Amino acid sequence: CEGSIAPKPTDTMEDTKEAPQTTELYYPRKCSATSRLIAAKDHASVQINIGHVDVNGTYHNEYTSFALCGYIRFKGRADDAINRLAAEAGLMRAMDSFPHPSKASTEEEE
């Protein structure tokens with residue numbers, strides 16, 4: 001058959017087929033405060049990126065990520081967890097180094 005197009009000898013089936021690539025659609029995360037695995041259905045969970053700033057307060061495209069599960073947020077412990085994690089990461093001073101609000105007000109009165 002002169003009208004049919006025959007494949008060239010250099011063309012092989014391997015050249016035309018692509019290797020299958022798997023793409024993960026869900027990457028499980030762990031809670032930074034409790035090390036619990038955050039489930040896909042935990043819609044109360046959050047991930048917070050805290051930007052790194054220099055002495056002048058300028059942001060330089062660097063950040064630290066913290067993931068909190070819905071359990072921590074439900075119990076009202078997210079604020080304490082973020083403060084503790086940020087202090088451990090060296091982003092702020094530990095909360096113990098700040099004066100207690102009731103003690104600070106009595107020192108101002110004196």
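Helices (H or I, at least four residues) and strands (E, at least two) are DSSP runs, numbered from the N terminus. The model is predicted: local features need pLDDT of at least 70 and side-chain atom pairs count only at pLDDT 80 or more, while totals for chains, interfaces and linings use all residues. Residues are numbered from 1 along each chain as its sequence is written, and side-chain values use heavy atoms, with hydrogens and water left out.

**View 1. Overview of the chain, with 4 helices and 4 strands.** Along the sequence the elements follow the pattern α-β-β-β-β-α-α-α. The chain has 110 residues, of which 14% count as buried; buried means under 20% relative accessible area, exposed over 50%, and partly exposed in between (1.4 Å probe, protein chains only). Its accessible surface comes to about 9600 Å², and 52% of this belongs to carbon and sulfur atoms. Accessible areas come from the Shrake-Rupley method with a 1.4 Å probe, and for residues only the protein chains shown count as cover. Of the contacts between residues at least 6 apart in sequence, 37% join residues at least 24 apart; a contact means heavy atoms within 4.5 Å.

**View 2. The largest nonpolar core, made up of 10 residues.** Its members are Cys31, Ile38, Phe66, Ala67, Leu68, Cys69, Ile72, Ala81, Ile82 and Leu85. Two or more of these residues come from each of β4 (59–68) and α3 (78–88). Such a core is a set of buried Ala, Val, Leu, Ile, Met, Phe, Trp, Tyr and Cys residues joined through side-chain atoms within 4.5 Å. In soluble globular proteins, nonpolar side chains tend to be buried together. Leaving out residues up to four places away in sequence, Leu85 touches Ser32, Ala33, Phe66 and Leu68.

**View 3. Helix α3 and the elements it packs against.** The buried residues of α3 are Ala81, Ile82, Asn83, Leu85 and Ala86, and they pack against β3, β4 and α2 (70–74). Asn83, with a relative accessible area of 15%, is buried. Beyond its neighbours within four places in sequence, Asn83 is in contact with Met92 and Met95. Just after α3, Gly90 takes a positive phi of about 80°.

**View 4. The salt bridge between Glu88 and Arg84.** The structure holds 1 salt bridge, a term for a side-chain nitrogen of Lys or Arg within 4 Å of a carboxyl oxygen of Asp or Glu. In the pair Glu88 and Arg84, the closest N and O atoms are 3.2 Å apart. The two residues are separated by about one helical turn because they lie 4 residues apart in helix α3. An α-helix has 3.6 residues a turn, so residues three or four places apart point the same way. Glu88 is exposed, at 58% relative accessible area, whereas Arg84 is partly exposed, at 37%.

**View 5. The hairpin of β3 and β4.** Strand β3 covers residues 46–53. It runs antiparallel to β4, and 7 bridges join the two strands; strands pair if DSSP finds at least two bridges between them. Gly51 stands opposite Tyr63 in β4. The hairpin has 5 residues between its strands, and Gly57 in the turn has a positive phi of about 85°.

**View 6. A nonpolar surface patch formed by Val53, Tyr59 and Tyr63.** Together these residues have about 330 Å² of accessible area. Patches are made of residues with over 30% relative accessible area and no salt bridge, where like charges are joined within 9 Å and nonpolar side chains (Val, Leu, Ile, Met, Phe, Trp, Tyr) within 5 Å. Val53, in β3, is exposed at 53% relative accessibility. Tyr59, in strand β4, is partly exposed, with a relative accessible area of 41%. Not counting residues up to four places away in sequence, Tyr59 touches Gly51, His52 and Val53.

**View 7. Positive phi at Ser35 and Asn61.** Most residues other than glycine have a negative phi, and most peptide bonds are trans. Ser35 is not a glycine, yet has a positive phi of about 65°. This serine is found in the loop between β1 (29–30) and β2 (37–38), where Ser35 counts as partly exposed at 48% relative accessibility. Asn61, also a residue other than glycine, has a positive phi near 60°. Asn61 has its place in strand β4 and counts as exposed, at 65% relative accessibility.
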